[in-house]
Amino acid sequence: MKTHNFSAGPCILPDEVFKKASDAILDFDNSLSLIEVSHRSPPFVNVMSKCISLVKELLNIPKGYSVLFLQGGASLQFLMVPFNLMKLNGSAAYLNTGTWSTKAINEAKLFGNTIVVGDSSDKNFNYIPKNYSVPENIDYFHCTSNNTIFGTQIKEFPKISSPIVCDMSSDIFSRKININNFDIIYAGAQKNMGPAGTTMVIVKDETLNKTGRDIPTMLNYQTHIDKESMFNTPPVFSIYVSMLTLEWLKNKGGIDYIEKINNEKANLLYKEIDRNSLFTGTANTEDRSIMNVTFSILEKEKEKIFENECLKNKISGLKGHRSVGGYRASIYNAMPIKSIKTLINVMQKVENL
Ligand SMILES: *Cc1c(COP(=O)(O)O)cnc(C)c1O
């Protein structure tokens with residue numbers, strides 16, 4: 001039996017994706033390996049366009065949006081967003097819901113007036129602020145849809161007239177979203193889509209080129225739109241494996257299907273956390289993430305026992321982030337329900353010891 005990988009990222013991917021990815025390393029096109037073939041050769045250009053069209057199909061992306069595959073991680077988007085969207089002497093509003101939001105805010109401050117409209121740091125980010133108001137005449141509003149570290153998730157996005165930018169690194173392709181409500185969505189591949197190395201960016205074309213700033217070529221979204229993500233050598237492996245994962249998702253039944261399964265998986269685990277006298281959930285109930293489930297153990301003496309039992313059952317990656325402590329079960333799209341049942345069995349066993 002393979003390890004039950006509950007790691008927050010790089011993430012678990014479907015078995016068939018691992019298999020096909022390794023085949024392509026040995027033979028992608030006429031005995032050329034995927035990682036030696038020219039990115040401008042028709043077989044790879046085909047991979048890029050297939051990957052983009054799968055994204056458009058799965059997320060139901062309307063006309064007027066571009067899908068890019070860039071490098072530099074989601075972390076580079078923290079500064080590309082203000083560079084491309086914040087006007088000279090402009091301002092932007094941010095919702096601070098965790099470590100990643102905080103990093104995004106710190107980059108935005110380098111570009112202009114950065115207004116934090118809601119902030120849950122007072123309770124170590126265990127909830128999503130509500131009833132905050134976003135000033136008008138801002139250049140954009142930025143939020144993080146799913147807080148990978150703290151296990152909270154935005155269930156309802158604000159309805160405002162300004163452009164909305166969202167870091168969806170850890171819940172992209174996990175639930176239905178209405179693309180029309182967003183101007184930029186970005187996501188590092190390694191949380192729910194593929195291996196590290198590429199960041200998907202979905203951008204509404206008409207939002208760009210309004211800042212009056214000179215933007216360095218590589219940091220300008222327009223460069224990558226014009227060159228179809230081939231301005232420089234793209235991360236071919238990461239894009240290929242992302243394409244395989246999206247094909248897998250499409251064959252399973254797309255976002256409608258996976259959202260249903262994700263809700264079932266999360267409900268199963270949260271139900272056990274709430275029932276089990278040994279454990280308690282970390283995040284505010286109504287804001288609980290369906291991707292990253294954070295919890296802690298109430299009897300310190302049983303900590304080692306629980307961790308050893310996990311080890312024995314090939315459960316890995318459960319340790320919580322150092323800023324929260326406790327445990328975090330990341331249950332991304334490819335996580336099979338049987339892995340969650342294995343974890344629940346261990347929790348019940350240790351409770352009854
Ligand atoms: C992991 C993560 C990031 C950072 O991604 P990198 O690709 O490592 O830069 C940013 N935002 C969220 C929500 C994440 O989960």
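Pro10 sits in the loop that runs between strand S1 (4-5) and helix H1 (15-26). In this predicted model, the peptide bond that joins Gly9 and Pro10 is cis, with an omega of about -5°.

Between strand S4 (113-119) and strand S5 (140-144) you will find Phe125. Phe125 is not a glycine, although its phi is positive, at about 55°.

**Around the ligand**

Which residues come nearest to the ligand? Of the 13 residues around the ligand, the nearest are Ser75, Thr148, Asp167, Gln190 and Lys191.

| Residue | Ligand atom | Distance |
|---|---|---|
| Ser75 | oxygen | 2.6 Å |
| Asp167 | nitrogen | 2.6 Å |
| Lys191 | oxygen | 2.6 Å |

Ser75 is one of the residues through which H3 touches H4.

**Two pairs of packed helices**

Two packed helices are described by the angle between their axes and the distance between the axes.

Helix H3 (residues 73-85) packs against helix H4 (residues 99-108) at an angle of about 40°, and their axes are 8 Å apart. Because of that angle, H3 counts as oblique to H4. The crossing of H3 past H4 is right-handed. On the H3 side, the contact is made by Ser75, Phe78, Leu79 and Pro82, while H4 brings in Trp100, Lys103, Ala104, Glu107 and Ala108. What kinds of residues make up this contact of H3 with H4? Six are nonpolar, one is polar and two are charged.

Now turn to the other pair. Helix H7 (residues 254-275) and helix H9 (residues 337-351) pack with their axes 10 Å apart, at an angle of about 5°. Why is H7 called roughly parallel to H9? The reason is the angle of about 5°, because angles under 35 degrees count as roughly parallel.

Which residues of H7 meet H9? From H7 come Lys265, Leu268, Leu269, Glu272, Ile273 and Arg275. Their partners in H9 are Ile337, Ile340, Lys341, Leu343, Ile344, Met347, Gln348 and Glu351. Sorted by kind, the contact of H7 with H9 holds eight nonpolar residues, one polar residue and five charged ones.

Definitions and conventions: Residues are numbered from 1 along each chain as its sequence is written. This is a predicted model: local features need pLDDT of at least 70, side-chain atom pairs count only at pLDDT 80 or more; totals for chains, interfaces and linings use all residues. Side-chain values use heavy atoms; hydrogens and water are left out. Axes are lines fitted to C-alpha atoms, for helices over the stretch in contact, and angles run from 0 to 180 degrees between N-to-C directions. Helices (H or I, at least four residues) and strands (E, at least two) are DSSP runs, numbered from the N terminus. Angles under 35 degrees count as roughly parallel, over 145 as roughly antiparallel, 65 to 115 as roughly perpendicular and the rest as oblique. A crossing is left-handed if the near helix is turned anticlockwise from the far one by less than a right angle, and right-handed if clockwise. Contact means heavy atoms within 4.5 Å. Ala, Val, Leu, Ile, Met, Phe, Trp, Tyr, Cys and Pro count as nonpolar, Asp, Glu, Lys and Arg as charged, and the others, Gly among them, as polar. A residue is near a molecule or strand if one of its heavy atoms lies within 4 Å of it. A polar contact is a pair of N or O atoms within 3.5 Å; within protein, one must be able to donate a hydrogen and the other to accept it, and residues adjacent in sequence count only if both atoms are side-chain atoms.
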